[in-house]
Amino acid sequence: LSDKILSQEYIENLSIRLANIMKVPFNRTFPVLEANTDEFRISIWHESRCSKKSISIRKIPKRLRFGRAEIINTKYAPEKLINLIENCVIGHCNCVIGGQPHAGKTELLKYMSTFIPYNEKVGVYEDNQEIHYRTINPGKKCTEFYVDDKFQYSHIIKAGLRHNIDWVLLESRGPEVVDLLNSLSTGAYCMTTMHLDNVSGIPDRMYNMLGQGSVTDRFINSIYKYIDLGILVECDKNEKRKITQVGFFTRQEGINKCTIIYENGEFTENNIPEQILGKLKKYGIGDVYER
């Protein structure tokens with residue numbers, strides 16, 4: 001903790017300047033101010049909604065926070081598991097990375113994105129730039145789309161198909177999951193993050209994201225058909241992050257199944273589904289636990 005104390009005058013001045021820069025009102029009627037730079041996300045709550053202004057600043061570096069060596073040495077995940085996850089990207093598995101806020105979902109996605117082949121085009125869909133795919137993957141093909149109230153995720157996902165996008169990278173938050181699954185049905189691949197507390201709960205989470213939208217069995221079946229890999233990342237009170245759960249989704253002969261192969265720091269007795277092994281084999285991956 002810092003021993004510096006911000007004066008009330010400084011906080012007021014900061015709020016006014018940020019609101020002017022973002023060209024948005026910040027008052028009792030509009031009590032939440034969201035601002036962002038290349039490396040920071042700033043959120044300020046107006047004192048009309050709490051006892052005094054509350055400020056949150058998130059640091060979003062334009063680099064990878066960790067490499068392979070750091071992942072293993074800090075026990076973020078065992079080497080065997082990291083090999084499997086890397087192979088799943090090389091094998092074009094569609095992946096959902098879940099966890100609570102600040103668990104490090106985007107940082108894991110950034111690391112995994114480095115294994116996307118150079119000749120495949122990536123579409124990054126964000127309202128606040130966090131992934132920085134072009135910066136951490138220099139030379140790779142990428143188109144970055146910016147989301148706002150006028151052009152939302154659902155519109156951009158549809159438009160992205162016309163730009164010959166091979167991979168879709170985004171944070172799933174709402175009804176756009178329908179458009180995401182539709183894009184996967186056309187042959188695109190994806191890595192997406194979402195708030196989650198259990199890998200097996202991904203279908204239910206996507207169901208809830210639809211809000212008041214109509215849900216059919218076909219939608220649920222599509223999740224098991226097009227989503228291959230689920231990863232859960234957790235962060236403890238000491239800010240130590242680690243992968244706590246990994247599972248695979250399959251749909252065969254009309255049966256939907258989630259197979260958990262890693263949980264609470266240990267591999268389970270469950271085998272990786274043959275459907276997933278067959279998909280990886282197409283890309284020359286024999287032993288999925290070897291790099």
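**Close-up views of a predicted model**

**View 1. The end of helix α7 and its surroundings.** Helix α7 is followed by Gly187, whose phi is positive, near 110 degrees; helices here are DSSP runs of H or I with at least four residues, strands are runs of E with at least two, and both are numbered from the N terminus. This is a predicted model, in which local features need pLDDT of at least 70 and side-chain atom pairs count only at pLDDT 80 or more, while totals for chains, interfaces and linings use all residues. Residues are numbered from 1 along each chain as its sequence is written, and side-chain values use heavy atoms, with hydrogens and water left out. Seven of the ten residues of α7 are buried, so the helix is largely enclosed by the rest of the structure; buried means under 20% relative accessible area, exposed means over 50%, and partly exposed lies in between, using a 1.4 Å probe and protein chains only. The buried residues of α7 are Glu176, Val177, Asp179, Leu180, Leu181, Ser183 and Leu184, and they pack against α6, β7, β8 (189–195), α8 (202–209) and α9 (217–226), where contact means heavy atoms within 4.5 Å.

**View 2. Helix α6 and what covers it.** In helix α6, which runs over residues 153–161, the residues Tyr153, Ser154, Ile156, Ile157, Ala159 and Gly160 are buried. Their cover includes the strands β5 (122–126), β6 (142–146) and β7 (167–171), together with helix α7 (176–185).

**View 3. Glu107 in helix α4.** Glu107 lies in helix α4, which spans residues 105–113, and it counts as buried because its relative accessibility is 12%. The side chains of Glu107 and Lys110 are joined by a polar contact of 3.3 Å; such a contact is a pair of N or O atoms within 3.5 Å, and within protein one atom must be able to donate a hydrogen and the other to accept it, while residues adjacent in sequence count only if both atoms are side-chain atoms. When residues up to four places away in sequence are not counted, Glu107 touches Pro61, Arg63, Arg65 and Phe66.

**View 4. The chain that holds these details.** Ten helices and twelve strands make up the set of elements found in the chain. Buried residues account for 46% of its 291 residues, and the C-alpha trace spans about 65 × 45 × 35 Å along its principal axes. Among contacts between residues at least 6 apart in sequence, 53% join residues at least 24 apart.
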